[in-house]
Amino acid sequence: CLSYVSVQGPCFLQALECLVRLASVRRSLFVEDPARSQFLSHLMSGTREILQTGQGLADHGNYHEFCRLLGRFKVNYQLSELLNVEFYGEWLGLVAEFTTKSLLSWQWASNSVYYLLSLWSRLVTSVPYLKGDTPSLLDETVPKITEGFITSRINSVQASFADNSPDPDNPLENAESLQDQLESLPYLCRFKYESCSLFIINIMEPLLQAYTARSRLPASGDAAELSVIEGQIAWMVHIIAAILKIRQTVGCSQDSQELFDAELAARVLQLINITDTGVHAQRYQEISKQRLDRAILIFVQNFRRSYVGDQAMHASKQLYARLSELLGLTDHLVLLNVIVGKIATNLKCYAECEDVIDHTLSLFQELASG
């Protein structure tokens, strides 16, 4: 890394590519652990210097490769090994700052953020196995990164989706891109789930209120503004769906986790009733409405796999008790009625939208096959 900062011009990228390979060196190549620890310290020192100076990172290719380099740290090294490096705290702070700036620059760094989020998710999943009293400092940094990612998705809608036209580069239109962006998020959210779920609810509630109010108007009004609201809600639904897809208890009990899951799920289940009422029932041809309904279908699929069925019902009493209080959904059979109703509405109203019909039939097939 120290040689990298002295490299000039087009050799920046090649130097970073070499560093990525060096960071991937197997443990078996080191004769003794101290030599491997010293090697890790050199890598962290070099990346620290790059983070401090920012040299070469104005180039998109270099930036992307540097994100790949950071992502390799937790692939090859344990959190305990990182903690043993003398300047771990400073290094972690710089990586956190770099991640936050990358999230704010979502248009420029969207394809690179995957590696950064992957690093953070691997760090938090290692915390339960961490021994000793040395603080990991993740309690302070991870919630800020999680909130930064969610906020960046909401802010991206205004700039990208207001025209309400098909865009193959839009993550809400590209399943692979969406998967990449959301793959690591559940682990980050569940790390400090109580504060994260409250953050999501505080974003979701005003959006639901605005969307409900628009449904009661005699006409859709500002179509661009409504498209933005639908795009923002679609992102939130995808985020909630991703969280509920993975049930992991890190930092909270199983019962607490179910209660937080119920709070988030209730917002989306409430949304199902809103999307097909009032003026929204006249917007099935709109791209933003179709994106939102696809997001709802993905949520239902993930929720069903985690919480619908006889075994899931008996193992998830806290969740259904809370859903009963919030929405009157006392068990999975009542919930299935809501899901089947949504399937019927989609098949009736989306006859000309092949993508929504495909997603709807896929969900119906899953239900039918048990």
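Visitor: Why are α5 and α7 oblique to each other?

Guide: Happy to! A word on the ground rules: this is a predicted model, in which local features need pLDDT of at least 70 and side-chain atom pairs count only at pLDDT 80 or more, while totals for chains, interfaces and linings use all residues. Residues are numbered from 1 along each chain as its sequence is written, and side-chain values use heavy atoms, with hydrogens and water left out.

Now to your pair. Helix α5 covers residues 88-104 and helix α7 covers residues 113-126; their axes come within 10 Å and cross at roughly 140°. Helices here are DSSP runs (H or I, at least four residues), numbered from the N terminus. Axes are lines fitted to C-alpha atoms over the stretch in contact, with angles from 0 to 180 degrees between N-to-C directions. Angles under 35 degrees count as roughly parallel, over 145 as roughly antiparallel, 65 to 115 as roughly perpendicular, and the rest as oblique. That is why α5 and α7 are oblique to each other.

The crossing of α5 with α7 is left-handed (the near helix is turned anticlockwise from the far one by less than a right angle). On the α5 side, Leu92, Val95, Ala96, Phe98, Thr99, Ser102 and Leu103 meet Val113, Leu116, Leu119, Trp120 and Leu123 of α7; contact means heavy atoms within 4.5 Å. By class, this contact has 10 nonpolar, 2 polar and no charged residues (Ala, Val, Leu, Ile, Met, Phe, Trp, Tyr, Cys and Pro count as nonpolar, Asp, Glu, Lys and Arg as charged, and the others, Gly among them, as polar).

The largest cavity is lined by Leu103, Val113, Trp106, Ser110, Phe149, Arg153 and Gln181. A cavity is a set of points on a 1 Å grid over the protein atoms alone where a 1.4 Å probe fits but cannot get out, and lining residues have an atom within 4 Å of a point. The volume of the largest cavity is about 40 Å³, and its lining divides into 4 nonpolar, 2 polar and 1 charged residues.

The count comes to 2 cavities of 30 Å³ or more.

For another helix pair, look at α13 (residues 254-275) and α14, which pack at an angle of about 140° with their axes 11 Å apart. These two are therefore oblique to each other as well, and the crossing of α13 and α14 is left-handed. By class, their contact has 11 nonpolar, 1 polar and 4 charged residues.

Helix α14 (287-307) also belongs to the set that supplies at least two residues each to the lining of the largest pocket, along with α9 (175-182), α12 (223-245) and α18 (354-368). The largest share, 7 residues, comes from α14. A pocket is an open set of points with protein on both sides within 12 Å along at least five of seven lines. Leu178, Gln179, His238, Lys245 and Ile298 lie nearest the centre of this pocket, among 24 lining residues. Its volume is about 480 Å³, and the lining divides into 11 nonpolar, 6 polar and 7 charged residues.

Definitions and conventions
Grid points are joined across faces, edges and corners, and a volume is the space filled by probe spheres set on the points.
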